[in-house]
Amino acid sequence: MQHAHIYLNFPGTTEAALTFYESVFGTRMIMKQTFGETTFMGPMPDHARNKIMHAQLPITESVHLMASDDVDGLSPGQFVRGNDLHSIHSPNTILPRSPPIA
């Protein structure tokens with residue numbers, strides 16, 4: 001079976017967004033972890049503790065939304081709208097080749 005995972009980054013609103021998507025798609029998050037629940041992060045700012053480090057919401061058996069919050073001081077780089085979506089496909093996903101352009 002082919003799989004597609006869509007990874008979204010939000011500016012601190014991941015939980016609200018995925019709660020909305022639960023109502024849209026009629027599914028429930030199967031995983032949600034805050035930065036404060038992690039055991040490997042070490043000391044962190046108080047404003048980051050309840051933000052989402054990783055969450056996963058199945059849309060279908062083979063398509064899942066995954067998401068996290070971009071948190072100042074913890075996230076690599078700066079949140080930029082438009083650069084907050086990533087698509088991951090399973091290795092057995094084969095796309096048709098286009099014919100060469102003459």
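**Cores, helix and confidence in a predicted model**

The largest nonpolar core consists of nine residues: Leu8, Phe10, Ala17, Leu18, Ile52, Ala55, Leu57, Leu65 and Ala67. The largest share, three residues, comes from β3. Apart from this core lies another, of five residues, which include Phe35, Met44, Ala48 and Met53. The general background is that nonpolar side chains tend to be buried together in soluble globular proteins. The coordinates discussed here belong to a predicted model.

The protein chain has one helix and five strands, and from the N terminus on its elements run in the order β-α-β-β-β-β. Of the 102 residues in the protein chain, 34% are buried. Among contacts with a separation of 6 or more, 62% join residues 24 or more positions apart. The protein chain exposes about 7100 Å², and carbon and sulfur atoms supply 58% of that area.

The buried residues of α1 are Thr14, Ala17, Leu18 and Glu22. They lie on the same side of α1, because they cover an arc of only 145° around the axis. An α-helix has 3.6 residues a turn, so residues three or four places apart point the same way. The face of α1 turned away from the buried side carries the exposed residues Ala16, Phe20 and Ser23. As for the buried residues of α1, their cover includes β1, β3 and β4.

Beyond the helix, the chain continues with Gly26, which follows α1 and has a positive phi, near 70°. Thr27 is located in the loop between α1 (14-25) and β2 (31-34). Because its relative accessible area is 17%, under the 20% limit, Thr27 counts as buried. Not counting residues up to four places away in sequence, Thr27 touches Glu22, Leu57, Pro58 and Ile59.

With neighbours within four places left aside, the contacts of Met53 are Tyr7, Gln33, Thr34, Phe35, Thr38, Phe40, Ala67 and Ser68. Met53 and Gly36 are 17 residues apart in sequence, and their C-alpha atoms are 8.6 Å apart in space.

Finally, the confidence of the prediction bears on how the model is read. The mean pLDDT of the protein chain is 78, with 69% of its residues at 70 or more. Confidence is highest in α1, at a mean of 94, and lowest in strand β5 (residues 85-89), at a mean of 56. Where pLDDT is low, the predicted coordinates should not be read in detail.

Note on methods: Residues are numbered from 1 along each chain as its sequence is written. This is a predicted model: local features need pLDDT of at least 70, side-chain atom pairs count only at pLDDT 80 or more; totals for chains, interfaces and linings use all residues. Side-chain values use heavy atoms; hydrogens and water are left out. Helices (H or I, at least four residues) and strands (E, at least two) are DSSP runs, numbered from the N terminus. Buried means under 20% relative accessible area, exposed over 50%, partly exposed in between (1.4 Å probe, protein chains only). Contact means heavy atoms within 4.5 Å. pLDDT is the predictor's confidence in each residue, from 0 to 100. A nonpolar core is a set of buried Ala, Val, Leu, Ile, Met, Phe, Trp, Tyr and Cys residues joined through side-chain atoms within 4.5 Å. The arc is that of the directions from the helix axis to the C-beta atoms. Accessible areas come from the Shrake-Rupley method with a 1.4 Å probe; for residues, only the protein chains shown count as cover.
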